[in-house]
Amino acid sequence: MAMQSQYFVSGSILRHIFSMAHTSMLALVAMVLVDALDLFFLSLLRDVEIIAGLGFAWPIIFFTLAVSLGISTAMTALVSRAEGLGDRDRAKVYATHVMVFGLVLSVVMTVVLWLSAPWMLDMFGATGKARDIGITYVQIVILCLPVLVLSMSSGALLRAIGAKQRAMWSKMAGAAVNAVLDPIFIFGFDWGVEGAAWATVVSRIVIMAVAFYGVRNVHHMLGLFDANLFRKDIRDIARVTVPVGLAKVGPPIASAFIMSSMAKYGPDAVAAMAIIERIAPFVFVGYMALPQAIGPIIGQNFAGAKAERVRSIWHNVWGLVAVYGVIVCAALFLFQSQIAVLFSATDQTTAYLSIFCSFTAPFYMFLGLQFSSHTFFNVTGRPNLAMIFDLAKELLGVIPLVWLGSYYLGATGVLFGQAAGIVLFGTITGIVSYRLARRMGASDREGGLQTAYGSSKIL
């Protein structure tokens, strides 16, 4: 059954957030579980070089996720604002054009990243067996980048019209497939790292199939491709995609810098960082789900001139970020020993994990403010502001502070430097977005919609 337009412009804001957030959270848990399962099953081989190899591969995989997120953010921003205006036909055309744009871009990037993977791992400081493992994993997983873009765009489209259940089930279906195929491919077929990579590829194909079926056959949200209008729409899509894409280049660069910094202290340190970068997205998945939940809600209310409802969203966001963070950090502290055992960590790796679980994890609460703020910027026509803050966090915050931490405190300083950068720019970004929301008026809406539609005529 197709969802009606303007779904979020009435009713309880908190109820809408919870309704969207719990499905987004389950969907994202399923998505990050794919990487966590790869790491878990490969850790059973009890080879620290394998875990280190995945750690070196992570910045490149992270980059592909960032590109996919940029395309899906454009889908959320443009479709939700058209929906907020009650223009379902325009929303359908935008959906088609965003997907075509994303597929063309992802095919080009697949070729470039596949060929440059060995050079990139050399640049990260990977050597020997860990380097070979990283290259193998990247070059297999990168083949499904167009599939990843299409699946994330389809999920964003479903959430933009309020069809969050199908978006959730697509991710959960993919995670289930990955959980079944990982042990079969890794141990049953004795494919090792290649088996984990191919299991990831198959799981992403399943996610795409379920989500795209919902978009095309259930909700009928794809319009006819119009070549003349597409040339105009590219500008509108690029207004969101380019700033978001550039913004999301920052985290992979910072991740690569962190990995190269950790590489100075041996494979145990790299393995610890690899585990942290898998479990952090898993346990703090609520901070990724919250922006996905509030994006369509802000977009529709912003387009519908519901400024007071947009402002009230922030009052809920601050509280949810704090409560969720306290619960997660308490769990990490209490179960840090079990986490180390789960991933077959060495004594030195366990020591680094303990620092994260006991001391630096609480600072990740500021990521919740940052992610939610960026969503606010993107869907209200301020993608350049999101780009500036995201790049500043990584290039002016995390990287310099990681370097200082490493210089004075070694591998431990890397962890604290990363946390300090998160706190600094999470605070600044949260304050700016909150103040913008408080003084939002009609002129902001008109400017945002001009950014949304540009020179394209609303059909």
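I first set down the term I need: a crossing is right-handed if the near helix is turned clockwise from the far one by less than a right angle, and left-handed if anticlockwise. I note too that the model is a predicted one.

Entry one: α8 and α9.
By that rule, I recorded that α8 passes α9 in a right-handed crossing. I then looked up the geometry: the axes of α8 (residues 227-263) and α9 (residues 267-283) come within 8 Å and cross at roughly 150 degrees. Angles over 145 degrees count as roughly antiparallel, and α8 is therefore roughly antiparallel to α9. Which residues meet here? From α8 I listed S255, I258, M259, M262 and A263, and from α9 A269, V270, M273, A274 and E277. By class, I found 8 nonpolar, 1 polar and 1 charged residues in the contact of α8 with α9.

Entry two: α4 and α7.
I next examined α4 (residues 128-141) and α7 (residues 193-218), which pack at an angle of about 20 degrees with their axes 9 Å apart. Are α4 and α7 roughly parallel or antiparallel to each other? They are roughly parallel, because the angle is under the limit of 35 degrees. I recorded the crossing of α4 and α7 as right-handed. On the α4 side I noted I133, T136, Y137, I140 and V141; these meet V193, E194, A196, A197, W198, T200, V201 and R204 in α7. The contact of α4 with α7 has 9 nonpolar, 2 polar and 2 charged residues.

I turned to α11 (residues 307-334) and α14 (residues 365-379), whose axes come within 9 Å and cross at roughly 155 degrees. The two helices α11 and α14 are therefore roughly antiparallel to each other. I found that α11 passes α14 in a right-handed crossing. In α11 the contact is made by V310, W314, V317, W318, V321, A322, G325 and V326; in α14 it is made by M365, G368, L369, S372, S373 and F376. How many of the residues in the contact of α11 with α14 are charged? I counted no charged residues, with 10 nonpolar and 4 polar.

Last, I checked the length of α15 (residues 383-409): at 1.5 Å a residue, its 27 residues should span 39 Å, and the end C-alpha atoms are 36 Å apart, which agrees. I also recorded a kink of about 30 degrees in α15, centred on A392. After α15 comes G410, for which I noted a positive phi, near 75 degrees.

Methods:
Residues numbered from 1 in each chain as written. Predicted model: local features only at pLDDT ≥ 70, side-chain atom pairs only at ≥ 80, totals over all residues. Heavy atoms only, no water. Axes fitted to C-alpha atoms, helices over the stretch in contact; angles between N-to-C directions. Helix = DSSP H or I, 4+ residues; strand = E, 2+ residues; numbered from the N terminus. Parallel < 35°, antiparallel > 145°, perpendicular 65-115°, else oblique. Contact = heavy atoms within 4.5 Å. Nonpolar A, V, L, I, M, F, W, Y, C, P; charged D, E, K, R; others polar. Expected span 1.5 Å × (residues − 1). Bend = angle between axes of the 7 residues up to and from the residue.
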